[in-house]
Amino acid sequence: MSETKGTSERVIRVRVMRGYDANAKERIYKEYEVPFTRGMSVLNVLDYIYTHLDHSLSIYYSCRIGRCNACDTVVNGKTAESCTAPCEGDMTIEPIALKR
Amino acid sequence: LVEVIETELLVIGSEGAGASAAIEAARHGVEPTIVTKGRIGHCGATVTIDGDLDVDSRSLHDQFHLKGADPRDSKAKFFEDMVRGGKFLNNQRIVETHVEDAPKALQALIDWGAPYPELNRVMHASGHTYARGAWCPGPKITPAYVNEVRKQNVKVVEDTMVTDLLTNEGRVVGAVGLDLLTGAFRIFRSKAVVIATGGGMRIYPYTTAPEELSGDGFAMAYRAGAELINMEFPMFLPGVFVWPPGLTSVDIPFILSTAGEFQGWMLNRNGERFMSRWAPKTMEWTTRDICSVAMMTEILEGRGSPHGGIYVSFSHLPKNLVDHLFDWMDPEIAWKYGGFDVEKYVSKEGLRENALEAAPACHYWNGGIRITVNSETNVPGLFAGGEVQGGTMGANRLSGNAATECIVWGLRAGRFAAEYSSKAKKLDYRESQVKELQAKLRKPLEDEGKGISPVPIRLELQKLAWEKVGVLRTTEGLQQAISEIERIKKETVPKLSVSAGNSSTTYNKEWIHAIELPNMLLVLEMVARGALMREESRGACYRREYPETDYPNWTKETVIAKVRDQMTFRTEPVTITKLPPPTKKLPYGATSE
């Protein structure tokens, strides 16, 4: 994916579920701060985190145009196709398997 | 302990070409195994097909009874359009077979359950004398071949990236790869292999291709001794968004594609409609290669838009026409493009007032693995089919012909590989080769935190590809690119590793990118060196210092082969069966004197 260019309007907080603590029976989340520009998709935000903040955040995606459904994820509790879903501000992102 | 998957025929790639190959092999009594980097039906380029599959219009009329088909067309006329469109660089024997088999490809899709009534529509794109595009958008045809693969009981190994082919006694005897979900090393032992991995478009930052098309098939074939041709001809589509970020690299066929009915005007930052300098008669309605070169000239010469594109304006149309522009277009290619609700990113009101920002994007790979009409490579046991093969499209592909190519040549590769497999003896793989490849694959993970992360290097490589080996090429730029590639190869590739703390074997993208990077670099080197050698401009390869098409001297295939671990280039005459090329140097884009 190409770089997101341009000046950002503000910084958003993105909570991403990174794992599950079996002993404590708790989901593990990590929070990231991402410069936000209107017109960014959820996938743009995740890709920004992978590219600039945390190379360990692996995102599963393929076509990036809403055709293949590989990048389905859960955004603020709702299933979304991350490549076509516009980012609207602070959000919590969880893997789709939890929803199913 | 490493799992060895035994099969009679290994097909690498699961979509249009790979699925067709496996289905056809199964029909010939051979048990194939598909291995795919993604999940069948949910990866690869086929699902992204915007519109049509080309078949000569006469067959569409006589055999398929499609509305809008024109019986005046013929296979011979389709052949001629392909060769002219390909600027006479096509292998004409392959083109003859392609036009002959095209109706079989459409019939196969219908037999597998593609929704026939939906297909009852024919598109007429530029470069085609007659309307030849049977309506076949990706999401409509994908379920058809997925069903047929299941029906034929083809084994499908998903989320597994094949990294290299195994060879023994001069033959291909299998492949190795990585299970991306578990990090497990996999060995495939097979009598024959079909490569159906598509193109290498991801070497560019702007591309309509899906994430996994990093040229792995080209790279593994090359390393196994297969020859490749015409790699300097990746094709560019004039018109993807470069802004807003959510639409970056998304194409806008309803505005800029030569298949579109309405055309935006392309303007530079001086407000000039610059196509007047390139195609004064047809303006934006010219072939995709010329449009792309014109756009990139503006961008690289500093007359582009703030986000690295040019402007596309509709202000020449009355506002009340712009309002209804999309009402009489198919919604799948307008505001609901792909899965997008485009209006969430670009407002219709804004379209009346403001220009969009667009740039060309890498869309398709004209060159590729060299095959015979029987889909064989020069390495026994190795076959290739679909976009990964070279020679079909020459220097430029006509709109709608990629879908035809993947089904026609997938089916053929499957058939001929099955015939080979049923006669061949199964050979063992060499344990030493497997050990070496396993070590190579694991190195970036084992060196965790000690080396260089592939993440910024991938971006650096894509930027280099875009600026120096992209749409517009200069001698100096290509030379700089080659020395930069050499530097990355020497200084960075041996040190690639995942970052500290990132040693997970469960879908570790940084690890995957470390494995893909050498493939991308190899493919970029092929494009750059091929382009530097070709001292002319033809189709998708534009050299600024050599702006004419040199038909007498350069109607030649560039052939790449690995000789004693060196990348070597030679030229060979193009296979001509029917249509002789022009005999004089002609201006870029012209095909007749």
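Student: What radius of gyration does chain A have, and what would a compact globule with 100 residues have?

Tutor: The model is a predicted one. For 100 residues, the rule for a compact globule gives a radius of gyration near 13 Å. The value for chain A agrees with that rule, since it is 13 Å.

Student: In what order do the elements of chain A run from the N terminus on?

Tutor: Chain A contains 2 helices and 5 strands. Read from the N terminus on, these elements follow the order β-β-α-β-β-β-α.

Student: How many residues of chain B are in contact with chain A?

Tutor: Contact requires heavy atoms within 4.5 Å. On the side of chain A, 34 residues take part; on the side of chain B, the number is 46.

Student: Which three residues supply more than any other three of the area that chain A buries against chain B?

Tutor: The size of an interface is often expressed as the accessible area lost when the parts come together. Between them, chain A and chain B bury about 3,100 Å², with 54% of it on carbon and sulfur atoms. Of the area that chain A buries against chain B, 24% comes from three residues: A:Tyr60, A:Arg64 and A:Arg67.

Definitions and conventions
Residues are numbered from 1 along each chain as its sequence is written. Chains are lettered from A and ligands numbered from 1 in the order in which they are written. This is a predicted model: local features need pLDDT of at least 70, side-chain atom pairs count only at pLDDT 80 or more; totals for chains, interfaces and linings use all residues. Side-chain values use heavy atoms; hydrogens and water are left out. Helices (H or I, at least four residues) and strands (E, at least two) are DSSP runs, numbered from the N terminus. The radius of gyration is taken over C-alpha atoms; the globule rule is 2.2 Å times the number of residues to the power 0.38. Buried area is the accessible area (1.4 Å probe) that two parts lose on being put together, summed over both.
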